[in-house]
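The sequence and structure are shown first.

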Amino acid sequence: MSSFNIIFLMTFCSLATLSLSGTLSIGFYNSSCPSAEDIVRKAVNNFLSRDPGLGAGLVRMHFHDCFIRGCDSSVLIASTPGNPSEREHVANSRSLRGFEVIDEAKTEIESACPKVVSCADILAFAARDSIFKLGGINYSVPAGRRDGRVSIMAEVEQNFPPPFFDAQQAAVSFVRKGLSAEEMVTLLGAHSIGVSHCSSFSNRLYTFNATHPQDPSMDSRYADYLKTKCPQPTNNSPDPTVPMNPTPDRMDNRYYLEVTKNRGLFTSDQTLMNNPTTQRMVMNNTRNVRTWADKFVKAMVHMGSLDVLTGTREGEIRTRCSVVN
């Protein structure tokens with residue numbers, strides 16, 4: 001049995017025994033704060049109308065949050081002297097956007113329903129509303145998350161799969177969080193939106209390995225284009241950004257088509273084509289956007305339920321999302 005097939009077996013077993021921290025429910029705030037979801041949606045729409053790129057930032061913020069300590073909004077907590085938070089890690093500080101959207105929604109919600117709606121739920125709602133705004137994909141978000149009180153920068157590197165991971169390494173990271181390899185491939189479709197800093201993939205252009213300075217799996221014309229946007233880095237050189245997809249403000253399945261053409265931006269994207277199982281998943285996702293969207297919705301809901309804090313004894317409801325009470 002290959003190592004990758006072992007990963008798939010591990011995935012099945014992990015999902016079969018997965019235990020969530022608590023129960024979330026759709027319409028959780030219907031009685032306690034019926035305007036909560038409308039307030040978040042309004043804030044998202046207002047900000048994205050001016051800057052659509054914030055949508056990708058909010059979707060990634062929810063994902064980055066859930067991978068560290070579960071979906072508890074720990075990614076929103078600001079650092080304190082001597083205690084750098086998750087926000088300061090390079091994986092977050094240079095790629096996550098939209099903190100101001102969460103803050104505006106939280107301020108308005110606190111005015112309407114003080115100490116009721118968690119920042120973790122606001123973030124989950126905002127990711128959903130961004131996906132709808134950019135791709136017309138809508139779904140109901142089970143809520144009832146509580147906010148965590150801890151955010152440690154070092155835990156990001158310990159838990160989050162970096163872009164230079166290959167698909168097998170990334171799959172291991174997802175399995176450890178209770179997500180299947182199929183869900184990993186499905187969620188990577190979010191790479192259809194937003195931009196990336198050149199430093200996240202420039203090794204594929206200039207220092208891939210001792211034999212090939214440029215990753216030979218990358219489409220040569222795509223590599224030439226990227227080099228025009230991302231000069232070979234030097235000490236203290238700027239770190240520009242490039243679109244992650246030809247249509248970075250539209251959430252769809254275009255990402256998978258690009259991967260089949262050897263135009264996956266990250267190693268973790270392109271190496272999906274190196275294994276027959278994940279290659280088949282990619283090919284299936286290129287054929288029908290509706291089928292992929294349905295799977296994406298289910299994967300987002302599943303991801304948003306992992307290791308959540310619920311009830312009245314776990315976590316808290318932060319008054320300000322960047323500061324613990």
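The sections below take up the disulfides of this predicted model.

## Number and pattern

The structure contains four disulfides. With bonded cysteines counted along the chain, the pattern of pairing is 1-4, 2-3, 5-8, 6-7. Three of these links, among the four, are described below.

## Cysteine 66 and cysteine 71

Cysteine 66 is joined to cysteine 71 by a disulfide with an S to S distance of 2.0 Å. The torsion about this S-S bond is about 120°, so the link between cysteine 66 and cysteine 71 is right-handed. Both cysteine 66 and cysteine 71 are buried.

## Cysteine 119 and cysteine 321

The sulfur atoms of cysteine 119 and cysteine 321 lie 2.2 Å apart in a disulfide. Because the torsion about the S-S bond of cysteine 119 and cysteine 321 is about -95°, the disulfide is left-handed. The pair links distant parts of the chain, 202 residues apart: cysteine 119 belongs to helix 6 (residues 119-135), and cysteine 321 to the segment after helix 15 (289-303). Cysteine 119 and cysteine 321 are buried.

## Cysteine 198 and cysteine 230

A disulfide with S to S 2.0 Å connects cysteine 198 and cysteine 230. The link of cysteine 198 and cysteine 230 is left-handed, with -70° about the S-S bond. This pair links distant parts of the chain, 32 residues apart: cysteine 198 is in the loop between strand 1 (195-197) and helix 10 (203-206), whereas cysteine 230 is in the loop between helix 11 (220-229) and strand 2 (241-243).

Cysteine 198 has 4% relative accessibility and therefore counts as buried. Cysteine 230, with a relative accessible area of 1%, is buried.

Definitions and conventions
Residues numbered from 1 in each chain as written. Predicted model: local features only at pLDDT ≥ 70, side-chain atom pairs only at ≥ 80, totals over all residues. Heavy atoms only, no water. Disulfide = S-S within 2.5 Å. Buried < 20%, exposed > 50% of the residue type's maximum accessible area, 1.4 Å probe, protein only. Helix = DSSP H or I, 4+ residues; strand = E, 2+ residues; numbered from the N terminus.
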